[in-house]
Amino acid sequence: MDIIYTIWLRNIKRYLRSKSRIIGSLGMPLFMLLVLGLGLNSVVQIPDTGQGYFEFIIPGIVAMSVLFTSVFAGIQIIWDRQFGFLKETLVAPISRLEIMLGQTFGGASTAFVQGLIILVLSLFIGLSFSSAAGFVIAFLFMVLIGIAFTALGIAIASRMEDMHGFQLIMNFVVFPIFGLSGALFPISSLPAWVQPLTMLDPLTYGVEGIRYGLTGTAQINPAVCFMVLAAFSAFMTIVGAWLFRKMSI
Amino acid sequence: MPAIAAENLTRTFGDLTAVDRISFTIEEGEIFGLLGPNGAGKTTTISMLSTMLRPTAGKASINGYDILRDQDGVRTSIGIVFQDQSLDEELTAYENMDFHGRLYRIPGERRRAKIAGLLALVGLQDRQHDLVKTYSGGMRRRLEIARGLLHEPKVLFLDEPTLGLDPQTRNHLWEYIERLNEEKGITIILTTHYMEEADRLCDRVAIIDHGGIIAMDTPQALKNQIGGDVVTIHSPDPDAVAGSMDAPWIAHIERRDGSVVLSMQDAEQHIPGIVTGLVSRDIGITSLSVRKPTLEDVFLHFTGRSIREETASGRDVMRLYHRMGR
């Protein structure tokens, strides 16, 4: 436990020190929130619930922040490998599982904080505070997304030689996960043949869970969302740990 | 119980045998050097001994722990300074030390005391709260050595500890290493391709080439093996010089691009004889020098090559190893 904490602590220290990274990765979500959310708010009204578009996409943008930050945090172990620091950790009398879990929780924590910043900023732009319990539910889903996708990042990084493949991962893994998740549009308004793809996307359950917490409505039962996302997080952690253990330096 | 015992340690990468059945034992308190050109298999040996790489064949133990069966025992017993830097530049020196201390489960109070002591030992206490990215190459090396000592290892591995450092910093580091060995009685195994480094620091040296140990002894005994002092004669006609050297006190004759290199005991006494002999035969001498043998001569003697000419191509081989190792 103390080893996991040590590695978590390093991640947090590095995160808090990289001010430019914190601000840099807020740019894109804030931009989307303002341009899409406020720009389309008067044009688009969500069918069934009658929600405004701004209120609708806030959970999606929060999930996006968590997703991007966590995948990136996971993939960062490639830097550690290239700059040699990973060796220092791997040669210590600790197990690789502990290292992997420390990295995962570290990445998930920073991703959660990034999502939280977006959430708090949205409160100022127009998100109405529903209930404390709702926020706790949203937080829970944010943490689960963070764990699942940091673990995914670590799994990918364990199989990657260097950062050259990063763009490929962003374009063919991360963006499709985001695009198909129903973060920007209601699942029910998609053509029938796309809907199954959406239901296969684990992020869908994260977005819907956060949406339930923040706005009180969701298209998928929040209990189902929780179970699917929790199972996916556990599964990704196991896969990530397994691949990380097999990785050679 | 020896500090390190290796028996027929072997590692292959595909068709390439990086380390070929090497065996040695290192006693407690010894400074042992693995000397050889880049790509000779030094780092691969270190990687196997430190449990980072599984040997293809053979066995080894460190501080009594088997490197295959008791990895945690080995890891607790060793400290390593890798060839490539392994610090977190975004953390301060103190935080790097603290991280290491926590990984090795050193309790808080003792950890803080040890960190303070070691940072003082390597002269970094004034800069301990600065980020490592502001450090010079020499400071980083010193920090890595201090970090490697934090958990009081029995054996310290130094993989090319002074690579890329300026001569003054190198000298300082040598002093640190000697002091560590003397004061703490810590066993040190270091790899280097700097002859003077091996000569100055090591109690015993193993010369390693193409994955195998070709000679192993104290630096002095190794130098004695090549037959005394080294006399180098430059001449417009080196063949004639080599042909005329038939005195019984010449232990060894060798042609090295445009010059003739002789080994002999008490060279100073024989110089007049050599010069008069060459002059009487009308063979010109451009220059003549006498020096004590170095490990460079020893390497040349055993391999027929100079270690320095290996360095450029050796680096490529090393990269290749590195890639194949992944």
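Tutor: Let's start with B:Lys292, which is exposed at a relative accessible area of 55% (buried is under 20%, exposed over 50% and partly exposed in between, with a 1.4 Å probe and protein chains only). B:Asp229, in contrast, is buried, with a relative accessible area of 7%. A quick note on conventions: residues are numbered from 1 along each chain as its sequence is written, while chains are lettered from A and ligands numbered from 1 in the order in which they are written. The model is predicted, so local features need pLDDT of at least 70, side-chain atom pairs count only at pLDDT 80 or more, and totals for chains, interfaces and linings use all residues; side-chain values use heavy atoms, leaving out hydrogens and water.

Now for the pair itself. B:Lys292 and B:Asp229 form a salt bridge through their side chains, at 3.2 Å from N to O (a side-chain nitrogen of Lys or Arg within 4 Å of a carboxyl oxygen of Asp or Glu). Distant parts of the chain are linked here, with the partners 63 residues apart: B:Lys292 sits in the loop between strand S14 (287–291) and helix H11 (295–303) of chain B, and B:Asp229 in strand S11 (residues 229–234) of chain B. These elements are DSSP runs numbered from the N terminus, helices being H or I with at least four residues and strands E with at least two.

B:Arg291 makes a salt bridge too, with B:Asp297, where the closest N and O atoms are 2.8 Å apart. Here B:Arg291 is partly exposed at 32% relative accessible area, whereas B:Asp297 is buried at 3%. Elsewhere, salt bridges with shared partners tie A:Arg10, A:Arg14, A:Asp80 and B:Asp88 into one network.

B:Ser235 is buried at 7% relative accessibility. Its side chain reaches the backbone oxygen of B:Gly284 at 2.7 Å and the backbone nitrogen of B:Asp237 at 3.0 Å. Neighbours within four places in sequence aside, B:Ser235 contacts B:Val241, B:Gly258, B:Ile283, B:Gly284 and B:Thr286 (contact means heavy atoms within 4.5 Å).

What about the nonpolar cores? A core is a set of buried Ala, Val, Leu, Ile, Met, Phe, Trp, Tyr and Cys residues joined through side-chain atoms within 4.5 Å. In the largest one, with 152 residues, A:Phe149, B:Ile4, B:Phe157 and B:Ile189 touch the most other members. Apart from it is another core of 14 residues, including B:Val231, B:Val241, B:Ala242 and B:Met245.

B:Arg147 and A:Glu88 are both buried. Over all chains, the count is 27 salt bridges, and 6 are found across the interface of chain B and chain A. B:Glu95 and A:Arg17 also meet in a salt bridge, at 2.6 Å from N to O. Helix H2 (71–77) and helix H3 (93–103) of chain B are the elements giving two or more residues to the side of chain B that touches chain A. H3(B) supplies the largest share of that side, 6 residues.

For the contact as a whole, chain B brings 27 residues and chain A 25. About 2,600 Å² is buried between the two chains, 57% of it from carbon and sulfur atoms; this is the accessible area (1.4 Å probe) that two parts lose on being put together, summed over both.

One last stop is helix H1 (residues 42–49) of chain B, which is largely enclosed by the rest of the structure, because 7 of its 8 residues are buried. Among those buried residues are B:Lys42, B:Ile46 and B:Leu49. Just after H1(B), B:Thr51 takes a positive phi of about 65°.

Key
A polar contact is a pair of N or O atoms within 3.5 Å; within protein, one must be able to donate a hydrogen and the other to accept it, and residues adjacent in sequence count only if both atoms are side-chain atoms.
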